[in-house]
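Please keep the structure open as you read.

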Amino acid sequence: MRLINKVILITGSGSGIGRSTALLFAREGATVIVNDLDEAKGIETLKYIQDAGGMGHFIHADVTNPESVMLMIDQIIKKYGQIDVLFNNAGISGVGALHEIEPDTWDRVIQVNIRGVYLSSKYVLPHMMKRKSGNIINMSSCVAEIGLARRASYSATKGAVLALTKSMQVDYASYNIRVNAILPGTILTPFVENYLVSSYDDRESAMASIKKRQLSEELGTPEDVAQAALFLASDESKFMMGSPLYIDGGATFGKNA
Ligand code: NAP
């Protein structure tokens with residue numbers, strides 16, 4: 001039990017990496033606050049947690065909306081009195097080279113992937129600062145470090161999240177708050193399943209092309225990322241501050257040729 005007595009908010013945990021992390025954190029003794037825009041999926045995650053004997057709570061909120069985020073944080077503080085860990089996981093993809101992206105799509109990707117991290121952190125931080133204790137994990141991506149075709153808006157947001165992580169760490173270190181980032185490679189989730197369909201002619205050539213950009217024979221799983229998040233959320237990573245943690249099958253630093 002590596003997260004006993006911790007209250008942990010995971011945004012976008014109705015699906016994919018967020019859901020796997022929620023289930024793992026609950027197994028490790030945390031009380032997990034499941035958040036998602038999709039109510040049915042969020043409630044389903046909560047049910048999986050409770051069926052496995054874990055503790056949790058679902059709150060429907062849109063991380064791009066300040067009132068919605070404020071209400072969510074108030075509700076958590078009223079019920080549990082604290083938030084030990086915030087995992088800013090909610091995110092959406094944006095496919096297209098820069099000239100192909102419509103302004104509305106660009107804005108939405110920026111809103112969810114950057115404004116979402118900003119707003120959730122903004123309303124959680126005062127509570128962490130008051131307690132002089134906190135831990136924030138921001139979801140970036142290895143596309144913050146490597147160029148990837150037709151990912152302009154998405155890459156811009158994930159690069160911003162990595163830069164923001166470092167800046168936040170400097171500002172809040174004196175409050176005993178750690179801020180680190182996770183940089184996954186390609187992880188097989190509904191998010192990637194959609195992108196396989198929207199970006200390639202068929203699934204087989206999509207998988208072959210993705211595998212070419214990493215060293216591992218397999219794509220990553222949501223559990224691979226959840227394990228990394230567990231390390232960052234636990235006190236075992238207490239000397240990690242403002243750091244990127246890569247979970248990418250060698251996509252960023254490995255080269256086969
Ligand atoms: P996913 O399966 O699509 O899960 C993301 C969840 O976030 C969805 O349930 C989504 O709900 C929710 N969400 C979207 N907008 C939201 C909002 N405004 N407020 C609250 N929740 C919202 O995606 P995933 O693959 O697990 O990705 C999770 C995170 O990891 C994202 O930040 C993504 O960029 C990052 N990441 C993923 C990969 C990968 O290969 N999968 C790689 C690197 C980084 P809806 O379904 O209603 O939109």
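**Notes on the ligand site**

1. Domain 1 (7-185 + 221-246) and domain 2 (188-219) each supply residues to the shell around the ligand, so the ligand lies between them. Domain bounds come from an automatic or database domain assignment.

2. This is a predicted model: local features need pLDDT of at least 70, side-chain atom pairs need pLDDT 80 or more, and totals for chains, interfaces and linings use all residues. Residues are numbered from 1 along each chain as its sequence is written, and side-chain values use heavy atoms, without hydrogens and water.

3. There are 32 residues around the ligand (a heavy atom within 4 Å of it). Ser15, Asp36, Asn89, Tyr154 and Thr189 come nearest.

4. Which kinds of residue form the shell? It holds 14 nonpolar, 12 polar and six charged residues. Ala, Val, Leu, Ile, Met, Phe, Trp, Tyr, Cys and Pro count as nonpolar, Asp, Glu, Lys and Arg as charged, and the others, Gly among them, as polar.

5. Look at the polar contacts (pairs of N or O atoms within 3.5 Å). An N or O atom in the side chain of tyrosine 154 is 2.6 Å from a ligand oxygen. For a polar side-chain atom of lysine 41, the distance to a ligand oxygen is 2.8 Å. Valine 63 uses a backbone N or O atom, 3.1 Å from a ligand nitrogen.

6. Taken alone, the ligand exposes 890 Å², and the protein buries 91% of that (Shrake-Rupley method, 1.4 Å probe).

Notes. A polar contact is a pair of N or O atoms within 3.5 Å; within protein, one must be able to donate a hydrogen and the other to accept it, and residues adjacent in sequence count only if both atoms are side-chain atoms.
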